Amino acid sequence: MTDLVAVWDVALSDGVHKIEFEHGTTSGKRVVYIDGKEEIRREWMFKLVGKETFCVGAAKTKATIKIDAVSGFAYEYTLEINGKSLKKYMENRLKTTNTWILCLDGEDIRVVLEKDTMDVWCNGKKMETAGEFVDDGTETHFSIGNHDCYIKAVSSGKRKEGIIHTLIVDNREIPEIL
């Protein structure tokens, strides 16, 4: 990777993906790698500015690398996810997802709740879940190996805060990562 010009880490529900971009300004080469695997390769591109669009992750999330000339032979590379700048996308994700990291049976586990769909992801796999209404809210039940897990959703009682989601594994509350 001699022409590596940009690297981004993108946190999606199925995990954190590393996107690397090579841009050969003399050869016209463009190469996109996702998690170390070559996704796109273009040789002898005579137009050095433009876009490369591809999909990332299990949900095939749309990503676009924009190549813009800044001055002379200097270029700026920006990554958009679902049509938003990476920064805006990540800010929006903080509002629409909850993420927990825990260690179970000696293995690091990353659990993500997509609040809009109530989908639960565990280490890149969408989990089978069962929803249940309880006295003070709802519980979304699933299993990780032989561990019983659920995400409890209760009202905060405050309009600005909305619903509070808590991950419970084997009757133990897991703190959310921010």
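Here are some numbered notes on this predicted model, going through its sheets, cores and a few individual residues.

1. Ground rules before we start. This is a predicted model, where local features need pLDDT of at least 70, side-chain atom pairs count only at pLDDT 80 or more, and totals for chains, interfaces and linings use all residues. Residues are numbered from 1 along each chain as its sequence is written, and side-chain values use heavy atoms, with hydrogens and water left out.

2. The four-stranded sheet. This one is open, with antiparallel pairing and the order E5-E6-E7-E8. Strands here are DSSP runs of E with at least two residues, helices are runs of H or I with at least four, and both are numbered from the N terminus. Two strands pair if DSSP finds at least two bridges between them. At the edges sit strand E5 (50–56) and strand E8 (84–85), each pairing on one side only. Seven bridges hold E5 against strand E6 (residues 61–71) in the antiparallel sense.

3. The largest nonpolar core. A nonpolar core is a set of buried Ala, Val, Leu, Ile, Met, Phe, Trp, Tyr and Cys residues joined through side-chain atoms within 4.5 Å. Buried means under 20% relative accessible area, exposed over 50%, and partly exposed in between, with a 1.4 Å probe and protein chains only. The largest such core has 21 residues, and Trp8, Ile19, Phe54, Ile65 and Leu79 have the most contacts inside it. At least two residues each come from strand E1 (4–12), strand E2 (15–23), strand E3 (30–34), E5, E6, strand E7 (74–81) and helix H1 (86–96). Apart from this core lies another, of 16 residues, including Leu104, Val120, Cys122 and Met127.

4. Isoleucine 19 up close. Contact means heavy atoms within 4.5 Å. Not counting residues up to four places away in sequence, isoleucine 19 touches Ala6, Val7, Trp8, Val10, Val32, Tyr33, Phe54, Val56, Ile65 and Leu79.

5. Strand E9 (residues 97–104) runs antiparallel to E10, joined by eight bridges, with leucine 104 bridged to glutamate 107 in E10. The two strands make a hairpin with two residues between them, and aspartate 105 in that turn has a positive phi of about 50°. Six of the eight residues of strand E10 (residues 107–114) are buried, so E10 is largely enclosed by the rest of the structure.

6. The five-stranded sheet. Its order is E13-E14-E15-E16-E17, and it is also open and antiparallel. Strand E13 (130–134) and strand E17 (172–174) each have a single partner strand, so one side of each is left without a neighbour in the sheet. Neighbouring strands are turned by 30° against each other on average, direction ignored; the axes are lines fitted to C-alpha atoms (for helices over the stretch in contact), and angles run from 0 to 180 degrees between N-to-C directions. Three bridges link strand E16 (residues 163–169) with E17, and valine 169 stands opposite arginine 172.

7. Most residues other than glycine have a negative phi. Aspartate 35, in the loop between E3 and strand E4 (37–42), has phi near 50° and is partly exposed at a relative accessible area of 45%. Asparagine 171, in the loop between E16 and E17, has phi near 60° and counts as exposed at 75% relative accessibility.

8. Which residue is buried yet has no salt bridge? That is arginine 93, whose nearest side chain of opposite charge, glutamate 114, is 5.0 Å away. A salt bridge needs a side-chain nitrogen of Lys or Arg within 4 Å of a carboxyl oxygen of Asp or Glu; Lys and Arg count as positive, Asp and Glu as negative, and His and the chain ends are not counted. Arginine 93 is found in helix H1 and, leaving out residues up to four places away in sequence, touches Ala11, Leu12, Ser13 and Val112.

9. Phenylalanine 142. This residue of strand E14 (residues 137–144) counts as buried at 5% relative accessibility. Its C-alpha atom is separated by 6.3 Å from that of glutamate 128, 14 residues apart along the chain.
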